[in-house]
Each structure stands twice: as C-alpha cells, then as structure tokens.
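Here's a quick briefing to read alongside the model. Have the sequence and the 3D view open as you go.

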Amino acid sequence: MLCACSGEQFKFEEAAPQSPESLATRDFSASGLSSTRTGTGGWDSKFEDAQVDEAETTLKEALSLNYEEARALLGRLEYQRGNFDAALQVFHGIDIKTLSPIMSKAITERTRQSRKSRSKAENAAAASAMSLHSVSLLLEAILLKAKSLEELGRIKDAARECKTVLDVVELALPNGMPEGIGDDCKLQETFHKALELLPKLWIQATYLDEAIIAYRRALMKPWNLNPQRSATIQKELAAILLYGGVEASLSPQLKVWGRHPTTICNTDEAILLLFILMRKVLHGEIVWDQEVIDHLTFALSMCGQFESLANHFEQALPGIYNRAERWFFLALCYSAAGQNETALNLLKKVSASSEAKHKPNLLSFLLGAKLCSQDPKHAQEGINCAHRVIELTNHQDEHFKSLAHRFLGVCYGNAARISVSDTERVSLHREALSALNYSALNGKEDPEVIFCLGLENGLQRNLGAAFSNAMLYSDRVCGSSGKGWKLLGLIASAEQRFEEAEAIVDLALDETGKIDQLELLRLKAVLQIAQEQPKQAIETYRVLLSLIQGQGGIQTKNLNSEASYSLERKLEMEAWLDLAKIYLDLESWRDAEICVCKSKSVEFYFPRGWHTTGMLLEAQSLYKEALIAFSIALSTEPDYVPSIVSTAKVLIKIGGQTLPIARSFLMNALRLEPTNHDAWFNLGLICKMEGSMQQAAEFFQAAHELKLTAPVQCFK
C-alpha cells in the first residue's frame, strides 16, 4: 500500500531491529518502503494533504515505526515528489528540539570504540539508546526540511534548520567523525551534505559573516570528508574571503597563540587555503581546478606577490598549459614584479623556431610590444612584435590592432631618439606620429593613446598639437591622472607660459593622489625657479621634503609599497639636488654642499648627485676635480647627457688641445638628445673659437630656438 506514496515500487534491506520501540534500524534507502512488508501491490499514487494523518498511521502500523520516524519517511516521500509545502507540513510534526539531545546521546553511545571496557550499566544504556539508523533518518528529515524551506524562499529559516544537524552531531562528536561510522548508515553522508549546504544558505541570505563561520566550522575538525569535497569547501571559503567584502575575525578555536596573539586578515587566510589546494593538486590528491589558480592570481596580485605567483605557474603540471601560454603567464608575472628583462626573455621563446609549428600566441606578442615600448634599447624588437600583432589580427580584432599601433608608435619614437642618422630619425618620427594617429582614430575608448600622442608631439616640439592632446586626455580621464596634469604643465612651460603652468599644477594638486602630488610639488618648485622666485621655490621644496619624510616611516613598513617607496626616495634626492642648484646660483657653496651630501646619504652613486658635485667644483674653478666628479657620474650611467655636456664645457674652459675632445663629447650628447640646446650652444662656442663663424651662428640659432621651446623638465 505505502509504495504508492512515491508512485513506484520500493526496496530496502532487512536488518535486525536494535531497539524495542522502533523497526527503523533497517537501512531504508532514499527510494522508499517495501511493498512486501505490507502485502499490497499498488495504491493510488496521488494523495491529498488531508490524508497525512491516515498515511502516518498506516506507516506506523505497517513498519512498526514511532511517530517521528513515520513522519520522517512520509516527509521524504513528499520532498522527492516536489511537494515542498506538504513535506514541510509533515516535518513540522517532528519535535526536533526534544529529540536533539536524545540523538546526540545516541550517537555518542553508538560510536564508542572501547565497548569491552564499559560497565554493565553503560552497556544497558547503549542498548536502550536510539539506533544510528533512526538518528540518520531523523537528521535526514531535518536536512530535507531545510531544503524544503530553501525551495520555498525561506532561506534564513532553512539555514537555522540545517545548523541543527551540525549542532547535534558536533555535540556528540566534539573531536570529529570516527572512521567507519558511515559503513552501515547514512549518518555521515547526511552530515556532509549539511556541512556543504549551510554556508551556501547563509550566502543566499546575505549573511556572509555567518557563511564564513560555517565554512571554517566544516574545516576545523576531521569530519571524514573526501579530498575533493574538502577542497571544494576550501576553495569556496577562499573565494568568499577574497570577494565577500566582510572582514570576519577568527573564532577562539582557530586563533594561533604565541607570545602575542597572531592577527590574520581575510586575504592572508585565503592565500593560505589556496596554497594548500595547489599543493594537493601537485601531489595528485585532487584534480586540477582552474578556479583555484584564478583566485590565487587575484589574491597574490592584490598583495604584489608576483614572483610567488610565477612560482605557482611554473609548478603547474604538464598538459595544463601549453608552452606558449605558460611563458605568457610567467612573463606577465615577472613584468608586474618589475623584472621586464626576464619577462622579455620568456616572450622571446614564443617566437623561437621551436614554436613555428604551433599557433602564434597573439597576447604574447602584444605584451612583448608593450614591454619593449618602455625601454628605448628594445625599440626595434618592439617594432617587430607590434608588426606581428597587426599581421595576426587580420582586420578582425580592431582593439588589439589599435593597441599594437599604439605600442608601434611609441617604439618608433624611442628608435628615433637613439638613431645616429638624421635622415632615419626624421623618418622614424614620421612613422611614430602616423602609428599613434591611427591608434587614436580607431581606439577612441582608450585615453592612453591620446596621452602617448601628446607626449610624442611634445618630444618633437609640436607644442600646439601636444597641448590639445593633453587637454583631451585630461577630459577623458576626468582630471584624475597625475601624469596628464604634469604633461599639461610641461607643455605650458615649453611655451614659456610659466604662470599658467604653475596654475595648472596648483589645480592638479587638489585632484591627484599622494605620489602624484609629490611629483607635482617638485614641478611647481622648478617652475618657480624658472620665474626667478628662489624663496618660494625653497619653501615648496621644504613642504615636499617634509611630506616625503613624514610618509617614509609608514611606507617602509608596507612590503607592498616598494615601488612607491623607491619613487619617494628618488624624489627626495632630486629635491635636495634642485636645492643645491638654487644655492649654487646664489653662490652659497656651503649650503649647496650640504644639500648634495643629503642626496648622497639616500643613494651614493646617483648620477645626478655626482653631476651636481661636479658643477659645484666647476663653479669654484676646480676643473680637474669637476672632471673627476663628472666621470664618476658617467661611469654610473654612460649616457647621462648633462654630465656629457658639462664635461665638454669644462674642457672648453681649459682650452688648448682639449677642444676636439669637447666636440666629440657634444656630438655624442646630441646623438642621445638632439633637442639639447645647451649642447648646441657649446658646440657653437667651439666653432667660434676655431674661427668657423658661419657654422657657429647656425649652432647658436638652433640653441636659441630650442631653448624657447624647452620645458622646465624633460618630457620623459
């Protein structure tokens, strides 16, 4: 008769009852009940809610079940049929609050290991306790009640019911699940399902802190979870810690105590969990899961630990990534860590002959073009990579094609600045503007190409076009970019509009972040020097240095701010050397020397520091000592143009047979920086001293015109 409750015949295994009040010690399967026990073959499969009591009575009489067990079976049948309201009505009749301590006690008694050591009274108590089959049946009923509530949209109530299953078992087994408990009943499987369901319910109910507690609860004790199940819980916990936006503190059971309490943030905990998962993958305990490496990539990137991320990509087993993909991911990591040379070496493998048979990796060539655009000595390699990307896009991906033209334009510009041929330089400048204009026309959503175009126009002294590009870039980024404001100020200074440039900088100081503000403060001081306002410039440098020194203590404690800390130290050195230049112009040798010493205390072998030392010695007519200082600067950075020009100036002052040497220095300086007006002026002096008046006049004219369009700081 009862088989009709689910509309089909059911079978279950017979087992000897272990308690006198119930026959539910049989291992009832999820399929239902046996028709052989009732002696009837087929009932009508439909039954109404009004028949619940009648069906319950029939169950109790047919199977010798008690009240709660009968309702548990009946509710399960209703749940399987999708009648969640009816199932919930049946489950409500089970007095869970009263049964919970009884079930906990039964689990404790039935799972004791040393039965021989128990007294007769204890054995009698164990015999009279509820069987594990009955407990598992009732716990399953509670779990199905939670699922029914979930289906009906009552998520918070469902989470509370699901939590009851965990409370019952954890009260009975405070040290975890013993081995073998799931061999002859469904208790362990029901408990595992509840462990997995509870945090998901709390997430649906938007109680993320409770979800984190539930995940930690599932992991903090040995519950006999199989490795894949445990890994899934660890991965889900790591994800909610990373993206949940809730800083959930550790419970007292999870805190690690030493001499002082150990503090750990969500990101640290997530990274540790993901490290454990990666180790399990490497040891073959679980299968590869792409989500794990995705979460780990996000977490380590947020912490700036790119080298550690690269190590994990290197540890990935063969077959997960092909060689080109692995090299690309490693190059991304090392470039983000500031190791561009290492990244470029990896990307060169992609274009090697060993990869000729494989499909070209477009992103690898695009990344190579980007990295090469940041270093003039790799300009030609960047041009080749950019052309390869343009070929591979085949007019199908305009976004990548636009990016390739942007990097191509920057690389052409860099190649022009290191070219030794004037004809080649002019051609490369033309190619640079052509590529950048194409990118700007086709990549209208990318403001960076507008910035690159403005910078290139500025470097070629097309100041009108450069200013328009810089204004357009600032509009695109809503004035939030420090480099955009700085470019505007430099272009205005190149047009000799120093007051407007200073006004631009003052406006930018209110719109940008801390690091950008420090750079802009230095630019403001340089503009004040250009306006012959040394007192105001000194005050600006005082503010700049106080801000740097005030932030220095905080930055050194933060391992993730290494790049910011390095930039601050460089700005500090530049500020001291700018001050030294002011005192040098005022012929205050002692103050200038103090400023130089302050700079060298930050970094002793900084090229500009030794260059300023040479200028100080030159101003005191100590030419040999000045040449030594300039040579130290050049030994640190051979292409440092200011020291090359200053060396030539000292040689000119010495005169005699040193003029040809001075000329060679100046020609080298112009090769490196063709727009250096100081080099052109001194080259004119040499020609004048040698009697070449016409050529000297041309050089002086070039120096004058270049000085009228020279910014107060280099555009780069």
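Helices (H or I, at least four residues) and strands (E, at least two) are DSSP runs, numbered from the N terminus. Residues are numbered from 1 along each chain as its sequence is written, and side-chain values use heavy atoms, with hydrogens and water left out.

**Whole chain**

- The chain has 34 helices and 0 strands.
- Of its 716 residues, 49% are buried (under 20% relative accessible area; exposed is over 50%, partly exposed in between, with a 1.4 Å probe and protein chains only).
- Take the contacts (heavy atoms within 4.5 Å) between residues at least 6 apart in sequence: 60% of them join residues at least 24 apart.
- The accessible surface comes to about 34900 Å², and carbon and sulfur atoms account for 53% of that; the areas come from the Shrake-Rupley method with a 1.4 Å probe, and for residues only the protein chains shown count as cover.

**Confidence**

- Mean pLDDT (the predictor's confidence in each residue, from 0 to 100) is 84 for the chain, with 84% of residues at 70 or more.
- Residues 256-261 have pLDDT below 50, and this stretch has 3 contacts in the model beyond near neighbours in sequence.
- Residues 553-560 are also below 50, with 8 contacts beyond near neighbours in sequence.
- Where pLDDT is low, the predicted coordinates should not be read in detail.

- Because 11 of its 14 residues are buried, H3 is largely enclosed by the rest of the structure; among the buried ones are Glu68, Arg71, Leu73, Leu74 and Leu77.
- The axes of H3 and H4 (residues 84-91) come within 8 Å and cross at roughly 170 degrees; axes are lines fitted to C-alpha atoms, for helices over the stretch in contact, and angles run from 0 to 180 degrees between N-to-C directions.
- That makes H3 and H4 roughly antiparallel to each other (over 145 degrees; under 35 is roughly parallel, 65 to 115 roughly perpendicular and the rest oblique).
- The H3 side of the contact includes Arg71, Leu74 and Tyr79, and the H4 side includes Phe84, Val90 and Phe91.

**H15 and its cover**

- H15 (residues 323-336) has 14 residues and reaches 20 Å from its first C-alpha to its last, close to the 20 Å expected at 1.5 Å a residue.
- Its buried residues include Trp327, Phe328, Leu330, Cys333 and Tyr334.
- Cover for the buried residues of H15 includes H14 (306-315), H16 (340-350) and H17 (362-372).

- Ser493 lies in H23 (residues 482-494) and is buried, with a relative accessible area of 0%.
- Leaving aside residues up to four places away in sequence, Ser493 touches Phe498, Ala501, Leu527, Ala710, Pro711 and Val712.
- Leu545, in H26 (residues 534-557), is buried too, at a relative accessible area of 6%.
- Leu545 and Ala575 are 30 residues apart in sequence but 7.3 Å apart in space, C-alpha to C-alpha.
- With residues up to four places away in sequence not counted, Leu545 touches Glu572, Ala575, Trp576 and Leu579.

Definitions and conventions. Predicted model: local features only at pLDDT ≥ 70, side-chain atom pairs only at ≥ 80, totals over all residues. Expected span 1.5 Å × (residues − 1).
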